[in-house]
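Here are my notes on this one, as promised. Have the structure open while you read.

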Amino acid sequence: MQWVKVLGGVVGAAALLGLGIIVGHFAIPKGADSPAPSASASQDLDLKILQTVMEQLDANRIRENLRELSKEPHLATSPRDEALVQLLLQRWQDPESGLDSARTTEYEVLLSFPSGEQPNRVDVVNSTGAVLFSCRQSEENVTGEQGGPDVVPPYAAYAPPGTPQGPLVYANQGSEEDFKELQKEGVKLQDSIVLTRYGGVGRGAKAVNAAKYGVAGVLVYTDPKDINDGKSLPNETFPHSWCLPPSGVERGSYFEYFGDPLTPYLPATPSSFRLNSDNASGFPPIPIQPIGFEDAQVLLCNLGGKLAPANWQGGLGCDYNLGPGFRSNGIFPEDGQVNVSVHNRLELRNSSNVLGIIRGAVEPDRYVLYGNHRDSWVHGAVDPSTGTAVLLELSRVLGTLLKKGTWRPRRSIVFASWGAEEFGLIGSTEFTEEFFSKLQERAVAYINVDISVFANATLRVQGTPPIQSVVFSAAKQISAPGSSGLSIYDNWIRYYNRSSSVYGLVPSVGTLGAGSDYAPFIHFLGISSMDIAYTYDRSKTSARIYPTYHTAFDTFDYVDKFLDPGFSSHQAVARTAGSVLLRLSDSLFLPLNVSDYSETLRSFLQAAENLRGLLEQHNISFGPLATAVEKFEGAATSFNQRIATLREGTPDPLQVRMINDQLMLLERTFLNSQAFPEERYYSHVLWAPRTGSVATFPGLSNAYSQAENTGHEPAAWAEVQRQLSIVVAALEGAAATLRPVADL
């Protein structure tokens, strides 16, 4: 009777599809809005609509959006942040250019702020406690925008309060290896204050690593060698160039995880269980405070002890020594110490996400999400307002077409403005926690446009392999800014490219870590994700990011004068992201290419070949992994052939729906919630953090490195075998997902 079950399933699925189309039709608001063109189950991407959108995206409107968004500081939950919530609602509810609906979701989350009554301080003191030197407590007001009560002083969010004091030690970037080097050199770290520079490891990791060696407190600064190409004089920096001024201080979150610290895996709603903040993990274990490089220069250029290694030297115009303590011929006494006074406080605050929705005409229960965070550390012109300015312009153009009744997408589009991202991707993470099941069942893809323009040289995209094809298709059809006459794709390939075994020379698409709001979507939910921006020419600068990042100098004039005069790069990002959005929301078949995962898996397998010898010595068979990769490659090839065959005919709606569901759900098959128990939210077996040296499947690489370091410890090699099995199971599950749905 198996054929009866199959027939019943097909009939039932067809009925459900028809019901979905009916529900989608009646879910579209009626009344004042003009009706959309009548929906058809065969609705496909309309190239005329796509061209209209490309033409209507206006660089001047994006510029004016940015001016409005960045005119005042808008720290998360501040009055200005809440005013921007209302601005977004107003735009998305506009009768002529708004969306179908707009609403806010609010979460009560734990944030960290400096004390208004007791400012954080960094002082050099002598043996009697007298203050000999004090670091700046605020940045220099060079343009009239760095002062005022709404400019939050530089601080390390979530750093604990405390007033440690001790001799100064220079610890380079504060990595585990850096502290081992200091230990090897005989530098006393116990009860010291270490000075570190940004880069190398995450912010919070500097304090975690330091605490392991008995360090009492940590200072962090941005070295001009790392951010300014060595430029450090006031007349070489902003407002005279894009370089960071000497007083500039990078703020940031030092929380180890993402999401609200008190409600991991639960939405931070009033009814949710909350950890006691004293028991919550992920906070820095010792006080930490950022300072500007002009103050770091005073400290570092007077430091005594051994000369630091060559690769620890920087751009402050002096030799960097290790310490501890100051040199005999400097401006401070040799026994002078550094006192770090941190008075940060934790507060529960209400933070809002803003959601704008365009309901799909055919598949309203399939969501294409497009998001960007709203909050900033100060004015946040670049981060995040370049992204929000693009978001508002793209939603305006689509909203206008919607209100005129000339267009409605096949699938639903959800625009999102996330709150409290700067404190640890909080708004987006709480959203994914609250709507976990709905999103896993219905979300097609997530497009993130955070900083839309780092600089104006070329497109930069990060994402999972299946999104590569839709991004390439979009980029090939859009002209690059400037007079080169190249497409965005051809311009991109000039700056960042790789040799593909399948396609030849193509632009490089980076991988997704946890640097922005895509993190919970890919790592926690397994939703195909991407991050789109314009960036700089790496051959012309060694800056690790745009120089005024997270400082009070990240202003509208900084963008307007140095990053993107004319806003043509903003327009290019709007067109690229808009084209990708329309292709994902309107195409009959989702434009995701599963075979592009084959190339990644093959490269991981080739890297894993280096482990084969030692694996087999411990009776761990490599064969199942190679077989699983081959199974996936074969399933992906057959799947693409089925799509090509369907395209040649007139597929019925059920066939389209089944294929699209397979495309949508493929990414979920790589999730395993037990793969990385030590990592919060990370469950994607291909893109979790990799600490091992072999560029293969992260769990396998990490476990192998650990086992190699422990010698013949059976438990360590058992973990290697477990991780290998997890990968094999995921690959076999992915292959099974791509096979015909009736093939059980």
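1. Start with Thr-432. Beyond residues up to four places away in sequence, Thr-432 touches Leu-439, Pro-520, Phe-521, Phe-524 and Leu-525. Bear in mind that this is a predicted model. Thr-432 sits in helix H10, which covers residues 426-434. Its relative accessibility comes out at 0%, so Thr-432 counts as buried.

2. Now the nonpolar core. The largest one has 236 residues, and the members that touch the most others are Phe-415, Phe-423 and Leu-625. Helix H22 (residues 714-738) supplies the largest share of this core, with twelve residues. As background, nonpolar side chains in soluble globular proteins tend to be buried together.

3. Phe-423 deserves a click of its own. Setting aside neighbours within four places in sequence, Phe-423 is in contact with a list of residues including Leu-75, Leu-111, Phe-113, Tyr-155, Tyr-158, Phe-255 and Trp-377. Also among the contacts of Phe-423 are Ser-112 and Ser-253.

4. Next, helix H5 (residues 176-184). Which of its residues are buried? They are Asp-178, Phe-179 and Leu-182. Looking down the axis of H5, these buried residues fall within an arc of 95°, so they line one face of the helix. Glu-177, Gln-183 and Lys-184, on the other side of H5, are exposed.

5. What do the buried residues of H5 pack against? Their partners are strand S6 (168-170), strand S7 (193-197) and helix H6 (203-212).

Technical notes
Residues are numbered from 1 along each chain as its sequence is written. This is a predicted model: local features need pLDDT of at least 70, side-chain atom pairs count only at pLDDT 80 or more; totals for chains, interfaces and linings use all residues. Side-chain values use heavy atoms; hydrogens and water are left out. Buried means under 20% relative accessible area, exposed over 50%, partly exposed in between (1.4 Å probe, protein chains only). Helices (H or I, at least four residues) and strands (E, at least two) are DSSP runs, numbered from the N terminus. The arc is that of the directions from the helix axis to the C-beta atoms. Contact means heavy atoms within 4.5 Å. A nonpolar core is a set of buried Ala, Val, Leu, Ile, Met, Phe, Trp, Tyr and Cys residues joined through side-chain atoms within 4.5 Å.
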